[in-house]
Amino acid sequence: MKKFLAFLLITISFTATQESEDYKIEKIEVAKENATKEILPVVKESNVKNVILMIGDGTGLAQISSGQLAIAGPDGLLHMQTMPVTGIVKTHSSDNLITDSAAGATAYSCGLKTYNGAIGVTPDSLSCKTILELAEENGLSTGLISTSSITHATPASFASHVVQRSMQEEIAADFLDSGVEVFLGGGVKWFAEDQRTDSLNLIGQFEEKGYEIILSGEQLINSSSDKLLGLFAEDGLERKEGEPSSKMMVKNALGVLNTNDEGFFLMIEGSQIDWAGHGNNVDYLKQEVQDFDEAVEAVLEFARQDGETLVVLTADHETGGMTMQRQIAEGDSLEIFWTTDYHTGIPVPLMAYGPQATEFMGWRDNTYVGIKLAELLGVGELPILH
Ligand SMILES: [Zn+2]
């Protein structure tokens, strides 16, 4: 019996050690300054002329609040936290309780549930019309911004239709006929003839369609065309010198899109918040939350002045099963506990500002967000099959 107990104890402690080794524990430094910001007022104006949808990929509550602690301090707020209306979004896909970014983005773009990996197609692989395509058909201007390749799952789901997210060459080719005025992100390799497997000179074809091709932050600032294809890295942005920040991309995109009296639809993705979650890396996370939040600052500044711009910020899913546990010392830092290196099914927060923002209060399905945005922008009733 004694022998058995000893064996049992060894087994239990071995199991416990194994489990704790599965989780990565990191530390974030808490900012001292407490950059307090006021919550914006609820906008009474009811006309929605423009919609800006911001998607923090993999951005759950812990990503936002730990970012706030590290950037704005315990009593401060990130810009995204100054949006006065909040809601909660359920994120499951048609074939999995844990969604990926493709099905997550298609829920927002087409207003329907689909399978993980699907880009702008239904569970039966039929193309579904996106809010961006409806906006184009109605004479509005449109734009896509990401810090990943612009052909990555989230932006792709708004302007292309393929059965698998890995088909990035097809996605880039789909973009050519989308009518989108502004593409800003990474992904040269999916457009350049010397890197595509079919040797198609997509960059040349975009030029023929009137797009100005932009390869650096400086070229972006000096751009003068009303159609932009900005590709700032081979694949995802690398945060190298010469690349634009998300804020810079947003400001230039707004300059182009806001010349259309009919209005515009713009999707902005903070793509690499998700990658920091996959990597269980809080330093990377802080950098990406800050970059995204500075873009939010530019968006909110624009929306406040404009008065007819509805801004909705949410996520496709949470990544990393990130939790905040155990204060260290006197609150100088905080322990972060990562419970997985993949996505989780925990619902994600939504923040809204501008006319009709209160439509997004409450617990909502991710498909509701896409359907409601199309309705409020007055471009049509999703979902629509081609
Ligand atoms: Zn992911």
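**Sheets and helices**

A: Strand S11 (residues 322-328) and strand S12 (residues 333-338) run antiparallel, joined by 6 bridges. Strands here are DSSP E runs of at least two residues, helices are H or I runs of at least four, and both are numbered from the N terminus. Two strands pair if DSSP finds at least two bridges between them.

Q: What kind of model is this, and how are residues numbered?
A: This is a predicted model, where local features need pLDDT of at least 70 and side-chain atom pairs count only at pLDDT 80 or more, while totals for chains, interfaces and linings use all residues. Residues are numbered from 1 along each chain as its sequence is written.

Q: Which residue in S12 is the bridge partner of Met324?
A: Ile336. Also, Gln327 stands opposite Leu334 in S12.

Q: And which residue takes a positive phi in the hairpin of S11 and S12?
A: Ala329, with phi near 55°; the hairpin has 4 residues between the strands.

Q: What's the strand order in that open sheet of 3 strands?
A: S1-S12-S11, with antiparallel pairing. Strand S1 (24-29) and S11 are at the edges with a single partner strand each, so one side of each has no neighbour in the sheet. The twist averages 30° from one strand to the next.

Q: Which helix lies across S1, S11 and S12?
A: Helix H2 (residues 61-71), running at about 35° to S11. Axes are lines fitted to C-alpha atoms, for helices over the stretch in contact, and angles run from 0 to 180 degrees between N-to-C directions. Contact means that C-beta atoms, placed from the backbone, lie within 7 Å.

Q: How do the axes of H2 and helix H11 cross?
A: At roughly 90°, coming within 9 Å; H11 is residues 282-306. That makes H2 roughly perpendicular to H11, a label for angles of 65 to 115 degrees.

Q: Which residues meet there?
A: On H2, Gln63, Gly67, Ala70 and Ile71; on H11, Leu285, Lys286, Val289 and Gln290.

Q: Switching topic: what's the order in the open sheet of 10 strands?
A: S6-S7-S5-S4-S8-S2-S9-S14-S3-S15, with mixed pairing. Strand S6 (212-214) and strand S15 (362-365) stand at the edges, each with a single partner strand, so one side of each lacks a neighbour in the sheet. Neighbouring strands are turned by 15° against each other on average, direction ignored.

Q: In which sense do S4 and S8 pair?
A: Parallel, over 5 bridges, between strand S4 (residues 141-149) and strand S8 (residues 264-270). Ser141 stands opposite Phe264 in S8.

Technical notes: Contact = placed C-beta atoms within 7 Å. Parallel < 35°, antiparallel > 145°, perpendicular 65-115°, else oblique.
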